[in-house]
Amino acid sequence: LREMLGNQLLGVLGTHHEGEPYTSLVGFAATDNLEHLLFATGRATRKHANLVDDSRASMLIDTRTNRPADFTEAAAATAVGVVEKVAETENEEFDRIFLAKHPHLEDFVRSPSCVRLCLRVSVYMVVTHFQHVIELHVD
């Protein structure tokens with residue numbers, strides 16, 4: 001899990017609006033303890049509006065390479081939790097972690113229209129070998 005979260009640049013964020021699911025690709029970075037997945041988005045996005053209405057969310061991170069071998073070789077982790085806006089006092093720490101992985105997003109992250117967010121993970125569901133599932137609860 002740690003290797004997957006460290007190597008993959010993008011995750012699929014799952015939110016919802018009025019009972020309808022909504023997914024978005026987001027760049028993310030995990031904290032060392034894996035308790036938080038950090039990401040940023042524009043304030044005017046649908047995903048941000050969805051999260052303001054209901055902070056429950058999930059994020060899927062996977063190792064697929066778009067080859068038939070992925071059916072047996074790829075792994076996927078779904079992180080489930082609650083998204084919180086990063087406190088202004090934590091912006092420096094967010095930037096240190098997030099921009100170390102995504103230096104190309106520095107201008108975006110530091111723009112006034114961007115909001116720094118954190119998925120506080122309660123559980124990871126990790127799937128390997130097509131159907132082997134492990135639940136990892138974050139304490």
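Visitor: Which residues touch the most other members of the largest nonpolar core?

Guide: This is a predicted model, in which local features need pLDDT of at least 70 and side-chain atom pairs count only at pLDDT 80 or more, while totals for chains, interfaces and linings use all residues. Residues are numbered from 1 along each chain as its sequence is written, and side-chain values use heavy atoms, with hydrogens and water left out. The largest nonpolar core has 23 residues, of which L5, L37, F39, M59, L119 and Y124 touch the most other members. Two or more residues are given to this core by each of α1 (2-7), β4 (36-42), β5 (56-62), β6 (76-85) and β7 (114-128). The largest share, six residues, comes from β7.

Visitor: What makes a set of residues a nonpolar core?

Guide: The members must be buried Ala, Val, Leu, Ile, Met, Phe, Trp, Tyr or Cys residues, joined through side-chain atoms within 4.5 Å. A second, separate core of 11 residues includes V86, F94, L99 and V109.

Visitor: Why are β6 and β7 said to pair?

Guide: Two strands pair if DSSP finds at least two bridges between them. Strands themselves are DSSP runs (E, at least two residues), as are helices (H or I, at least four), and both are numbered from the N terminus. β6 and β7 have 10 bridges in the antiparallel sense, so they meet the criterion. In this pairing, T78 stands opposite M125 in β7. Seven bridges join β4 to β7, also antiparallel, and T41 stands opposite V115 in β7.

Visitor: How many bridges pair β7 with β8?

Guide: β7 and strand β8 (residues 132-137) pair over six bridges, in the antiparallel sense. V123 stands opposite H137 in β8. The two strands form a hairpin with three residues between them, and H129 in the turn has a positive phi of about 50°.

Visitor: What makes the contact of R110 with D95 a salt bridge?

Guide: The term requires a side-chain nitrogen of Lys or Arg within 4 Å of a carboxyl oxygen of Asp or Glu. The closest N and O atoms of R110 and D95 are 3.1 Å apart, so the pair qualifies. This pair links distant parts of the chain: R110 is in the loop between α5 (106-109) and β7, and D95 is in helix α4 (residues 91-101), 15 residues apart. R110 is partly exposed, with a relative accessible area of 47%, whereas D95 is buried at 8%.

Visitor: Which residues do salt bridges with shared partners join into one network?

Guide: E106 forms a salt bridge with R110, with the closest N and O atoms 2.9 Å apart. E106 is partly exposed at 35% relative accessibility. Salt bridges that share partners join D95, E106, R110 and R116 into one network. The structure holds eight salt bridges.

How values were computed: Buried < 20%, exposed > 50% of the residue type's maximum accessible area, 1.4 Å probe, protein only.
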